[in-house]
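Here's a quick briefing on one protein chain. Have a look at the model, then read on.

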Amino acid sequence: MCALRVIVCRALYSVSNPLLRTTIQNGSVISARDCSLAGNKRHALRWDLTPDDIRTATDGLINRVKAVYDDIGSLKIEHVSVENTLKALAHAKLDYASSLHVLDFPQYVCPSKEVRAASTEADKKLSEFDVEISMREDVFQRITALQNKLQDNLSPEEKRFLERLVTLGKRKGLHLSKDMQEEIKRKSKLICELSIEFNQNLNEDNTCLVFSENELGGLADSFLDGLDKTANGRYKVTLEYPHYFPLMKRCHNPETRRKMETAFHSRCKDVNTAILEQLIQLKAEVADLLGYTSHANYVLEINMAKNAGNVSDFLDTFYETLKPIGIKERKYILALKKRECLMKGFQYDGQINAWDLPYYMNQVEQCKFAVNKDKLIEYFPLDVVTEGLFGIYQELLGLTFTQVEHANVWHEHVKLYSARDTDTGEEIGQFYMDLHPREGKYGHAACFGLQPGCRGPDGKRRLPVAAMVANFTKPRKGWPSLLQHHEVETYFHEFGHVMHEICSKTTFSEFSGTLVETDFVEVPSQMLENWVWEKEPLRRMSRHYKDGSPIPDNLLDKLIASRVANTGLMNLRQVVLGKVDQSLHSCPDADTAEVFAKHCEDILGVPATPGTNMMASFSHLVGGYDGQYYSYLWSEVYSLDIYFSRFKKEGIMNPKVGKEYRRVILEAGGSEDGMDMLKTFLGRDPCQDAFFQSKGLIKSQKTQTL
């Protein structure tokens, strides 16, 4: 898994945690009154709003929500009830979640810079309001009074919802003095504002480098043909994924790779480094006010891991297991580099540089596994991959997808689909697909939850809506959009999040879709990545773009065998990022570039390029994964256990297992603890064996439970 490719834009965990709003979207509060911008419960979302529309609607949203909270806050304590407090808040949160994203989502995808700017300003305003509303002590008092008043006459999900509201109120400091509450509120608002600015800087970055054809040696003609040129015939290369990663993996010229890697990890360096380091300090100060030893311990309290000590032990165990593998892989890469330098007349410096790593990791795949990437990409045209992906997900989960004709979308290349239960014909949700890069668009691959899938005030289920946003190569004259295999894996991953969103069948929007513990949220999507490493699914999602012929067996076998290539270094990089994240959020302040460089050297054995700071473009740290980046490795352990214990054993296309997975894991959302869902689906406690086996590592000790 590439650390830079997966940002799940999951739903807001709670109104009491507005810090997740910057890149993690889907739920909060508003009145149960009608909101015309959201459309009716069939989700006819509007994407043609003007900047003035967005500003007006944002103000209206804030006014309505304040009125609801005022009503609840004015109730006499002795008069609080499930109807006038708990259900009133639930309906408000649902209506807000159904109205919010036509306002804050356009900043990531809208072609109009003016609309993006208005959406960003709306996000800032709503984020500040989220802080205000999450710290309404009068409302908190009524919630706690209701909890004390009620005994055993709530449903399990109602009880969970009430407990969540009380817990999150305490985590916002509503049990503290007024002065401390005001200080927490002030700092929280600033955190929201700075987080949005951090991401806006990255979204608007349009850095471009210029190279001669000779400087781009090793890159395929199909890649070069897709580049714009300067007036004197030189090639313009952007830092967008479809340009950056192919170049870093294939370009023979180390100086070109050095320039690209330096530019890529210097994006917004000065401004975003200052923002990130201010955020780290502010979060540490808020955690201290709330009585926590660190921001990491604060955020981890409501996760599966519970505290920073458990995360440290988890990452240390992985490091010790992977360390000898990493040493062997570095030695092999150095041998490859030395040989190539001698053959091509480059100076050999005796070390692996940051700009060498992706290039020689790609060489490892070619040398050890003979995977011909140039040939392989010809079998993965985007349309064919999409057809195969849809077919696999539909068959596995018992769904049917149909494109919605003449849908209202934000760009002409965006498509909207309806998903129905195959057996009943019931529509269960809708999803947008926005798959190609453009100026001002969100630069990673992500799933955005746009509408929750839960019950409305009338007791009927509301249809969830999600959007998959990616940056796959655009089709051009004579060439369709062709995907590298790692992009196919990304596609399956993010679409797994989409399924998590639209299959949701919870009572409350608070638990809809991906509103689960942060260290569980990646489990469903990571689990579904496994299908891109199996022969039958790979055949279904591939055909040669010219003649429709299948991938030759020998090429397919080599691809599948290459799954264990670079296991040590790839997973050690995840350990690095997890450790850096924990270090930054366990201290009152930090030099982010220095901390990153130290961990790269100590754990990965590859120095960070001097003068760069990867952390300045690492949006996970301001998008809801602060103190929680370990979640990717943590979740992968569970996801592989699910895959090998159930699907691999009972049939990877077994619809019975697939439908059980949909019911137990996807439909439940966050209405149950992640560990409880795992135990139900697995029929036992989860363990680590499958993870190490899938990485080609032999674990000598007995099965280890987590």
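This is a predicted model: local features need pLDDT of at least 70, side-chain atom pairs count only at pLDDT 80 or more; totals for chains, interfaces and linings use all residues.

Residues are numbered from 1 along each chain as its sequence is written, and side-chain values use heavy atoms, with hydrogens and water left out.

**Overall fold**
- You get 27 helices and eight strands in the chain (DSSP runs: H or I of at least four residues for helices, E of at least two for strands, numbered from the N terminus).
- With 706 residues, a compact globule would come out near 27 Å in radius of gyration, and the chain's 25 Å agrees with that (taken over C-alpha atoms; the rule is 2.2 Å times the number of residues to the power 0.38).
- Along the principal axes, the C-alpha atoms fill a box of roughly 85 × 60 × 55 Å.
- Take the chain's contacts (heavy atoms within 4.5 Å) between residues at least 6 apart in sequence: 76% of them join residues at least 24 apart.

**Burial and surface**
- Of the 706 residues, 61% count as buried (under 20% relative accessible area, with a 1.4 Å probe and protein chains only).

**Leu209**
- Leu209 sits in strand β1, which spans residues 208–211.
- Leu209 is buried, at 15% relative accessible area.
- Its C-alpha atom is 6.3 Å from that of Thr238, 29 residues away along the chain.
- Beyond neighbours within four places in sequence, Leu209 has contacts including Tyr235, Val237, Leu239 and Met260.

Notes
Buried means under 20% relative accessible area, exposed over 50%, partly exposed in between (1.4 Å probe, protein chains only).
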